[in-house]
Amino acid sequence: MPGYIFLGPEIGKKQDEIEAIRKKLAAAPFEETVFYAGETPVVNIANAIQNPSLFTDYSLFIIKNADLLKKKDEIAAITSCMQELESGTTLILVSDEFKLAAGLDDACPKENRKIFYEMFENEKNEWVRSFFRRAGYSIDSGGVDTILEMVENNTDALRNECSRLMLFLPKDRPTTTEDVEKWLSHNREESSLTLFSRIAAGDTAKAIESLHTLLAAKEHSRAIMATLAGCFRKLRDYLLLAKNGEPNSFELKKIGISHPKAKSDYAAAARRYNLSAVDACLALTADYDILAIASGAAWESVLMDLYVLKIMERASPVKQRF
């Protein structure tokens, strides 16, 4: 089986594709090894791929965060591995980015290189409805909107949160906004959206606590920053609406804010950040994303602490500024 490259921010669909490859390999015993670029020296990764275990029929190697492979010798080593795979070895390069370094992108057959984009709004609605329907549940429009407001924008997070939510739901009536608010917020784990909520409230201690919980759960720093960047872009839209007075529910829903908790978070954030501060936070996010790539995993916690603290510093004590 040849090599593969799976790119893009849609985590769930990438995982489904990898799982399909695992199922193809399941006919014979196989050994799976996962590497994280930036954590394991590339020479060690290449040696492992070129010298697979003698005690298994098949070897599957996955290199995550493959966008961090940027040095010429790293690219040459992994490209060589990809192009010279033995018949009993499969190699998959995975990244949340849309492209890899020049050379790596062309290292496997074009048909095995896929980009998984985030779903459009109408696709997300139908995905949630279908997930509930297949499990024997129904859900009304308000319930769908509330889930999409509270859960990060990828099918992996949606699948996990919806499955957890169903443990508490009745099957004899549609799931409502009230059901989702009651059980999802009660039962959900920490997320990057929770971190934004702490930032919006101006609670530095809780924000750092949320950050460390995410990092301890192996949430990648660049994924956290990507979510926060999305939140600040939405905050910019909120501030532009607020220039003409208090936004109404219809206007807020158009920019993806309909859940009461989200309305509260963005209203709180708008009292602390004006448009120039939002732009500064987005620029800061881009700077720290580059630093995270250059510094590697060893400095991840320190860099993210500094990043969140600087985000908090961009806020103003002024009560309301539009």
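Biologist: Is Thr79 buried or exposed?

Modeller: Thr79 is buried, because its relative accessible area is 13% (buried is under 20%, exposed over 50%, partly exposed in between, with a 1.4 Å probe and protein chains only). This is a predicted model in which local features need pLDDT of at least 70 and side-chain atom pairs count only at pLDDT 80 or more, while totals for chains, interfaces and linings use all residues. Residues are numbered from 1 along each chain as its sequence is written, and side-chain values use heavy atoms, leaving out hydrogens and water.

Biologist: Where does Thr79 lie, and with which residues is Thr79 in contact, leaving aside neighbours within four places in sequence?

Modeller: Thr79 belongs to helix 3 (helices, H or I of at least four residues, and strands, E of at least two, are DSSP runs numbered from the N terminus). With neighbours within four places in sequence left aside, Thr79 is in contact with Gly103, Leu104 and Ala107 (heavy atoms within 4.5 Å).

Biologist: How many helices and strands does the protein chain have?

Modeller: There are 14 helices and five strands in the protein chain. Strand 4, residues 89-94, holds Leu93.

Biologist: Is Leu93 buried or exposed?

Modeller: Leu93 counts as buried, because its relative accessibility is 0%. Its contacts, leaving aside neighbours within four places in sequence, are Tyr4, Ile5, Phe6, Ile63, Ala66, Ile78, Met82, Leu100 and Leu104. One of these, Met82, is eleven residues from Leu93 along the chain, and the two C-alpha atoms are separated by 9.3 Å. Leu104 is a contact of Leu93 and also of Thr79.

Biologist: How should I read a residue in a loop, and where does Asn65 lie?

Modeller: Start with the elements on either side. Asn65 sits in the loop between strand 3 (58-64) and helix 3 (72-83). Asn65 is buried, since its relative accessible area is 16%. Its phi is near 55 degrees, a positive value in a residue other than glycine.

Biologist: What is the place of Asn274?

Modeller: Asn274 is found in the loop between helix 12 and helix 13. A relative accessible area of 19% means that Asn274 is buried. Asn274 and Leu240 are 34 residues apart in sequence, and their C-alpha atoms lie 9.8 Å apart in space.

Biologist: Which residues of helix 12 are buried?

Modeller: An α-helix has 3.6 residues a turn, so residues three or four places apart point the same way. In helix 12 (residues 260-270), the buried residues are Ala262, Asp265, Tyr266, Ala267, Ala268, Ala269 and Ala270. They pack against helix 5 (141-150), helix 8 (192-201) and helix 10 (221-242).

Biologist: What do the totals say about the protein chain?

Modeller: Of its 322 residues, 46% count as buried. The accessible surface is about 16200 Å², and 53% of that belongs to carbon and sulfur atoms (Shrake-Rupley method with a 1.4 Å probe; for residues, only the protein chains shown count as cover). Among contacts between residues at least 6 apart in sequence, 76% join residues at least 24 apart.

Biologist: What radius of gyration does the protein chain have, and what spans does its C-alpha trace have along its principal axes?

Modeller: The radius of gyration is 22 Å, which agrees with the value near 20 Å that a compact globule of 322 residues would have (taken over C-alpha atoms; the globule rule is 2.2 Å times the number of residues to the power 0.38). Along its principal axes the C-alpha trace spans about 65 × 50 × 30 Å.
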